[in-house]
Amino acid sequence: MSSTRHAEIAGAGFAGLTVATALAQRGWSVRLHEKGTELREQGAGIVLFGNSLKVLESLGVIDEINEGSMTPPFYETRMQNVIVSDEDMPGVWWRTLTRPFLHKVLSEAARHAGVEIATGSEVIGATESGTLRVRGGEELEADLVVGADGVASAVRDSLGIRYDRWNAKDGITRFLVPRRKEDLQRIEPDTEWDNVIDFWNLEPRVLRVLYTPANARELYIALMAPSDDKEGSATPTINLDVWTSIHPQLRPVLEEATKIDGKYFRYQTNRLEQWTKGRVALIGDAAHAMAPALAQGGGCAMMNAFTLATAATAADPADLPDALVEWERLERPFTERCQDRSQEYASTRGMSQGGQFVGDNLETALYDPTDPNRHLAQV
Ligand SMILES: Cc1cc2nc3c(=O)[nH]c(=O)nc-3n(C[C@H](O)[C@H](O)[C@H](O)COP(=O)(O)OP(=O)(O)OC[C@H]3O[C@@H](n4cnc5c(N)ncnc54)[C@H](O)[C@@H]3O)c2cc1C
């Protein structure tokens with residue numbers, strides 16, 4: 001009889017790839033199911049903070065991440081094009097990068113660690129005794145089953161886990177476009193176009209552009225508009241006249257965005273009654289989707305994926321369900337406080353006042369999920 005423990009994981013997003021790699025690196029045999037026919041991330045850009053960068057460091061991919069990402073000099077917030085804050089976040093580790101790049105690095109790490117990746121494999125449910133059910137009828141037994149299958153999680157719903165959900169009044173359309181830095185500089189020579197610039201505009205209408213350089217060549221722009229603003233939320237092609245009427249200095253990159261089919265995405269927060277049931281654990285958006293105000297949904301997904309892998313590995317196999325409950329007890333409060341702060345910002349549009357990366361708002365960014373002593377004060 002083999003003593004190798006086995007995990008079946010649903011969903012190859014940032015959460016699933018992270019937990020798969022961390023488990024495989026700790027000696028587990030791991031199969032990762034992705035319903036898409038290929039392994040890829042379709043999103044645009046992402047901001048990561050120390051909590052997830054520590055995880056990437058522990059997975060052994062931080063050099064590669066550093067090469068393909070950047071830390072902008074400042075996180076600048078503007079209201080009606082007047083600078084309200086320039087935050088350089090001393091002592092905070094943060095990077096901006098593209099999602100396809102992060103996904104590629106994590107996919108390669110998973111393969112390198114020996115994870116078996118099954119694409120075109122749609123998970124339809126799980127049982128608390130540790131079975132993953134795949135469309136087509138297969139029932140796969142595992143010591144640990146992980147639902148990392150996103151906000152519409154089939155694993156979560158098949159277990160009957162109840163949850164509350166809040167939709168934000170605003171939504172975002174995201175693009176990766178060429179930087180066009182020289183063109184932008186010609187329009188506004190005094191602007192530092194390497195900064196993240198959060199261009200808020202509340203009057204005469206709410207139209208916000210989050211401008212995030214992701215590397216030397218690529219720019220991530222996120223266009224936020226209320227869901228009841230038909231013109232502002234128009235997709236697949238953005239309404240260039242509307243967006244340039246409010247943000248004329250961004251014309252070169254907004255024009256680039258019109259060449260790409262966009263998808264308006266209304267973000268949500270979900271709060272589950274429990275993250276685990278028997279041998280099944282839920283992570284990432286399946287467990288704790290959140291508004292993007294503090295840029296931590298993916299960060300929390302990766303840190304909870306990593307701590308799940310370490311907790312499951314440390315557990316006696318027979319006691320795994322109890323170990324999962326304890327993992328949730330210790331880790332969940334950090335994520336929920338981050339969700340609450342992000343939801344508050346999303347409902348009040350409070351980020352428009354700038355200066356948000358201070359005090360308690362940095363709790364998650366400064367959390368180190370790789371520190372084995374992190375809960376000493378909490379236990
Ligand atoms: C506008 C916006 C901006 C954001 N910005 C940031 C940011 O800057 N920083 C940050 O950290 N986070 C950010 N986030 C949050 C972040 O994008 C998510 O929290 C993160 O991507 C969640 O990862 P995940 O792996 O849990 O889920 P997903 O990315 O949804 O991955 C789930 C995977 O599971 C697959 N899947 C789904 N169902 C099944 C099934 N039944 N069977 C098999 N496979 C399945 C999907 O195809 C997908 O590959 C932002 C979110 C939004 C909306």
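This is a predicted model: local features need pLDDT of at least 70, side-chain atom pairs count only at pLDDT 80 or more; totals for chains, interfaces and linings use all residues.

**Aromatic rings and their partners**

Phe49, Tyr75, Trp94 and Phe357 are joined into a cluster by ring pairs. The structure contains eight aromatic pairs.

**Exercise 1.** Classify the pair of phenylalanine 49 and phenylalanine 357 from its geometry, and determine which parts of the chain the pair ties together.

*Solution.* 
1. A pair of aromatic rings is described by the distance of the centres and the angle of the planes.
2. For phenylalanine 49 and phenylalanine 357 the values are 5.7 Å centre to centre and 35 degrees between the planes.
3. Rings pair if their centres lie within 6.5 Å, and planes under 30 degrees apart count as stacked, over 60 as edge-to-face and the rest as tilted. The pair of phenylalanine 49 and phenylalanine 357 is therefore tilted.
4. Phenylalanine 49 belongs to strand E3 (residues 45–49), whereas phenylalanine 357 lies in the loop between helix H11 (320–348) and helix H12 (363–366), so the pair ties together parts that are 308 residues apart in sequence.

**Exercise 2.** Decide whether phenylalanine 49 and phenylalanine 357 are buried or exposed.

*Solution.* 
1. Buried means under 20% relative accessible area.
2. Phenylalanine 49 has 3% relative accessibility and so counts as buried.
3. Phenylalanine 357 has a relative accessible area of 7%, so this residue is buried.

**Exercise 3.** Describe the pair of tryptophan 275 and tryptophan 327, its place in the chain and the accessibility of tryptophan 275 and tryptophan 327.

*Solution.* 
1. The two rings are 5.7 Å apart centre to centre, with 50 degrees between the planes, and form a tilted pair.
2. Tryptophan 275 is located in the loop between strand E16 (264–272) and strand E17 (276–277), and tryptophan 327 in helix H11, so the pair ties together parts 52 residues apart in sequence.
3. Tryptophan 275 counts as buried at 1% relative accessibility, and tryptophan 327 counts as buried at 3%.

**Exercise 4.** Which ring does the charged end of arginine 174 sit over, and over the face of which residue does arginine 156 lie?

*Solution.* 
1. The charged end of arginine 174 is over the ring of phenylalanine 265, 5.5 Å from its centre.
2. Arginine 156 lies over the face of tyrosine 163, at 4.1 Å from the ring centre.

**Exercise 5.** Characterise the surroundings of alanine 289.

*Solution.* 
1. Alanine 289 is in the loop between helix H9 (285–288) and helix H10 (297–314).
2. With a relative accessible area of 3%, alanine 289 is buried.
3. Leaving aside residues up to four places away in sequence, alanine 289 touches Val151, Gln268, Thr269, Asn270, Gly284 and Gln339.

Definitions and conventions. Residues are numbered from 1 along each chain as its sequence is written. Side-chain values use heavy atoms; hydrogens and water are left out. Rings of Phe, Tyr and Trp (its six-membered ring) pair if their centres lie within 6.5 Å; planes under 30 degrees apart count as stacked, over 60 as edge-to-face and the rest as tilted. Helices (H or I, at least four residues) and strands (E, at least two) are DSSP runs, numbered from the N terminus. Buried means under 20% relative accessible area, exposed over 50%, partly exposed in between (1.4 Å probe, protein chains only). A charge sits over a ring if NZ of Lys or CZ of Arg is within 6 Å of the ring centre and within 35 degrees of the ring normal. Contact means heavy atoms within 4.5 Å.
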